[in-house]
Amino acid sequence: MSDTLVVNEIYLSLQGESTFAGLPCVFIRLTACDLRCSYCDTAYAFTEGKKKSLEEICTEVRQLAAPFRPPLNPQPLGAAKRSGDGSTLNSVPLVELTGGEPLLQKNSLPLMKLLCDDGFTVLLETSGAHDISPVDPRVRRIMDLKCPGSGEAERNRWANLKLLKATDEIKFVIRTVEDYEWARRQIPEHRLNLVCPLLFSWVHPLAPEQQNKSLKKVPAGQTAVSRRELAERIIADALPVRFQVQLHKIIWPPKQRGV
Ligand code: SF4
């Protein structure tokens with residue numbers, strides 16, 4: 001097996017979602033996805049990409065992370081520290097594999113291992129349609145459960161749920177009232193609040209140039225939900241979830257790449 005991956009882009013920005021939102025993060029966006037979610041804002045990663053060796057990728061990540069390394073402190077870049085209350089702090093920058101769907105390329109597995117060995121806190125964004133069991137146990141897996149409005153709900157790989165740990169996260173991307181009601185039902189049905197943090201993420205509308213003909217349509221008859229409505233429903237229903245918006249889309253223009 002050749003030790004390469006097809007990479008769409010590697011860049012340093014702020015983590016825009018998840019419980020890690022706001023922290024500096026090096027993103028490795030891998031090319032290709034086998035889903036076509038109605039709200040996908042990274043359709044450019046379906047095909048655009050360049051082959052790179054794992055060594056090249058790790059070197060690029062280390063270069064982007066270098067300014068965060070304290071000059072007189074030889075500890076590994078990602079060495080965990082203890083905060084005053086004894087909890088573990090993740091040192092920065094984080095490194096996230098995203099896409100596209102990172103698990104479509106088998107070499108994403110050794111890459112994640114190498115990055116963990118390097119001491120980074122590694123996050124994986126995955127659609128939830130693929131087996132997460134081979135992923136290095138040190139990786140924080142942020143796994144989608146696709147709601148009906150995505151047009152891809154039948155692709156949820158439910159067997160993944162029993163593999164999740166407290167260090168992982170489940171993300172529901174919500175664009176309609178029907179999505180919200182569906183996501184809400186999954187919590188008691190699968191006792192998800194006992195598994196890991198749950199994210200209810202509002203879909204930022206796509207800019208016209210982000211639309212892609214291959215994306216699925218929202219099923220007929222669904223009603224769009226606003227950001228505020230979603231927040232208010234969560235409060236009214238007393239859901240044990242974290243509401244989130246895509247932070248990077250508030251800071252930078254929603255269509256901007258590399259942020
Ligand atoms: S899984 Fe992610 S990358 Fe793939 S189509 Fe859906 S939103 Fe886009």
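Student: Which residue in E8 is the bridge partner of Leu124?
Tutor: This is a predicted model: local features need pLDDT of at least 70, side-chain atom pairs count only at pLDDT 80 or more, and totals for chains, interfaces and linings use all residues. Residues are numbered from 1 along each chain as its sequence is written. Strands are DSSP runs of E, at least two residues, numbered from the N terminus. In E8, Leu124 bridges to Arg141.

Student: How many bridges join strand E7 to E8?
Tutor: Strands pair when DSSP finds at least two bridges between them. E7 covers residues 122-126 and runs parallel to E8. The number of bridges joining E7 and E8 is 4.

Student: How many residues of strand E8 are buried?
Tutor: Buried means 20 or more other C-beta atoms within 10 Å of the residue's own, with C-beta atoms placed from the backbone. E8 runs over residues 140-144 and is largely enclosed by the rest of the structure, because its buried count is 5 of the 5.

Student: Which residues of E8 point the other way from Arg140, Ile142 and Asp144?
Tutor: In a regular strand, side chains alternate between the two faces of the sheet. Arg140, Ile142 and Asp144 point one way from E8. Pointing the other way, and also buried, are Arg141 and Met143.

Terms used:
A residue is buried if 20 or more other C-beta atoms lie within 10 Å of its own, exposed if 12 or fewer, and partly exposed in between; C-beta atoms are placed from the backbone.
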